[in-house]
Each structure stands twice: as structure tokens, then as C-alpha cells.
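The chain is shown first, and the points are grouped by topic after it.

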Amino acid sequence: GGGGAVRLGTLASFAGSIVKLVLAKLPPGGAGEAAAAGLADAFDRLALPPAVLDHLIDELGGTDAVAEMTGRKFRVVRARSAAAASSATPFVVERRNAAGGSMDAVNITERNDFQAGRKRVAVISEAASTGVSLHADARCRSAGARRVHITLELPWRADAAIQQFGR
């Protein structure tokens, strides 16, 4: 689709395609082919829910309200068009860096939006936490404003988790 977005149902089609590829490696026979077609059809009918992070961002106001600082290249977002929003799958998959550039640049933009108060919620994972400061000091436009910082996917090491909490 345009702008790096694909229908969420297409993810199930990707899964169906993988099933077809795997079953194509099996010895020829009608049963394998029929099973592949049946599984691919079943995947196409799935109403897949968004991942936990995508659901959290959606519930907190969407990508316009939540700064996401992670290593993810894709995310599932609520469709913006009225026709798509009223469909059976009102979500689309989009690239986080649809405008181009590195994921580091995307995370820096998200951090700047949070620090400037344009986004009041920040979700950060270990993948994007190195060197990030989210403190609201006097130089920060959002100083004094209530902000929320959610740490998702805690690191395995206690010292890294404590560092992340100190952001």
C-alpha cells in the first residue's frame, strides 16, 4: 500500500504464504496442497488483534499523542480514513520511518516531541534507551507539566533496568 501501510489482514496472508512455501517443500500430493490452501484461507479470515504495545499506544491517544522510542521498524495503527476505520480490520501496518531516515532519527524526533510537550506520554524500550534523557528540567518546554514515561520490555540486567527507570 501507499505510504508504507498495508492492511492488517495482509499479515495473515503473509502467514498463509509461509504455510504454502513450507508445504511446497513436502512430497507432492493432493493432501498437502489442500491443507496449504485451507490454512491460507484460515489465516485470511483471522481478525488479528494489535500487539500489546500497539494497543497501549492506541488507547493512550495514538501516535499523535504517544512518543514511541523503540527499535521497531513497523507498528500497527488505527486507520485514519473513514472507510478503513469502519472496515472489519480498522488497523494498518505502517513503517515508523515512513519519511525515510534511520530509526535513531525517528527515536530522536519522538524524544524531542516528548520533551517539547507535544506528546505527553513516552514509551521506551531498552533498544532505544541508550543515551536518552527524559528529565524535565527548566530548559525543557514541558517542565512542570505532568508527563508519563512507560518502560516496556524491561532489560534482563538489573543495572540496565534501574538506568531506564532513572530517565
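Does Arg 118 count as buried, partly exposed or exposed, and at what relative accessibility? Arg 118 counts as partly exposed, at a relative accessibility of 48%. The model under discussion is predicted. Its chain comprises six helices and six strands, and 36% of its 167 residues count as buried.

**Overall architecture**

- Along the sequence, the secondary structure elements follow the pattern β-α-α-α-β-β-α-β-α-β-β-α.
- The accessible surface of the chain amounts to about 10000 Å², and carbon and sulfur atoms account for 60% of that surface.
- Among contacts between residues at least 6 apart in sequence, 59% join residues that are at least 24 apart.

**The three-stranded sheet**

- Three strands form an open sheet in the order β2-β5-β6, and their pairing is parallel.
- Strands β2 and β6 (148–151) are the edges of this sheet, each pairing on one side only.
- Neighbouring strands of the sheet are turned against each other by 15° on average, direction ignored.
- Strands β2 and β5 are joined in the parallel sense by four bridges; Ala 67 has Ala 122 of β5 as its bridge partner.
- Four bridges also link β5 and β6 in the parallel sense, and the partner of Val 123 in β6 is Ile 150.
- Strand β2 (residues 66–69) is covered on both faces: Val 66 and Glu 68 are buried on one side, and Ala 67 and Met 69 are buried on the other.

**Helices packed on the sheet**

- Helix α3 lies across β2, β5 and β6 and runs at about 155° to β2.
- Helix α5 packs on the sheet as well, touching β2, β5 and β6, and its direction makes about 145° with that of β2.
- Within α3 (residues 52–59), the residues Leu 53, Asp 54, Ile 57 and Asp 58 are buried.
- Viewed down the axis of α3, its buried residues fall within an arc of 135°, so they line one face of the helix.
- In general, an α-helix has 3.6 residues a turn, so residues three or four places apart point the same way.
- The cover over the buried residues of α3 includes β2, β3, β4 (91–95) and β5, whereas Val 52 and Glu 59 are exposed on the other side of the helix.
- Just after α3, Gly 61 adopts a positive phi of about 115°.

- Lys 119 is situated in the loop between α5 (103–115) and β5 (121–124).
- The relative accessible area of Lys 119 is 8%, so this residue falls under the 20% limit and is buried.
- Beyond its neighbours within four places in sequence, Lys 119 contacts Thr 63, Asp 64, Ala 65, Val 66, Ala 67, Glu 110, Asp 113 and Phe 114.
- Arg 75 belongs to strand β3 (residues 74–78) and is buried, with a relative accessible area of 12%.
- Apart from neighbours within four places in sequence, the contacts of Arg 75 are Asp 54, Thr 63, Glu 68, Val 92, Val 93, Glu 94 and Arg 96.

**Salt bridges**

- The whole structure contains eight salt bridges.
- One of them connects the side chains of Asp 58 and Arg 78, at 2.7 Å from N to O.
- Asp 58 lies in helix α3 and Arg 78 in strand β3, so this pair ties together parts that are 20 residues apart in sequence.
- Arg 78 counts as partly exposed, at 40% relative accessibility.
- Arg 75 and Glu 68 form a salt bridge whose closest N and O atoms are 3.6 Å apart.
- Arg 118 forms a salt bridge with Asp 113, and their closest N and O atoms are 2.9 Å apart.
- Asp 113 counts as buried at 14% relative accessibility, whereas Arg 118 is partly exposed at 48%.
- Salt bridges with shared partners join Asp 54, Glu 68, Arg 72, Arg 75, Glu 94 and Arg 96 into one network.

Methods. Residues numbered from 1 in each chain as written. Predicted model: local features only at pLDDT ≥ 70, side-chain atom pairs only at ≥ 80, totals over all residues. Heavy atoms only, no water. Helix = DSSP H or I, 4+ residues; strand = E, 2+ residues; numbered from the N terminus. Buried < 20%, exposed > 50% of the residue type's maximum accessible area, 1.4 Å probe, protein only. Contact = heavy atoms within 4.5 Å. Pairing = 2+ DSSP bridges. Arc of directions from axis to C-beta. Areas by Shrake-Rupley, 256 points an atom, 1.4 Å probe, with all protein chains shown as cover. Axes fitted to C-alpha atoms, helices over the stretch in contact; angles between N-to-C directions. Salt bridge = Lys/Arg side-chain N within 4 Å of Asp/Glu carboxyl O.
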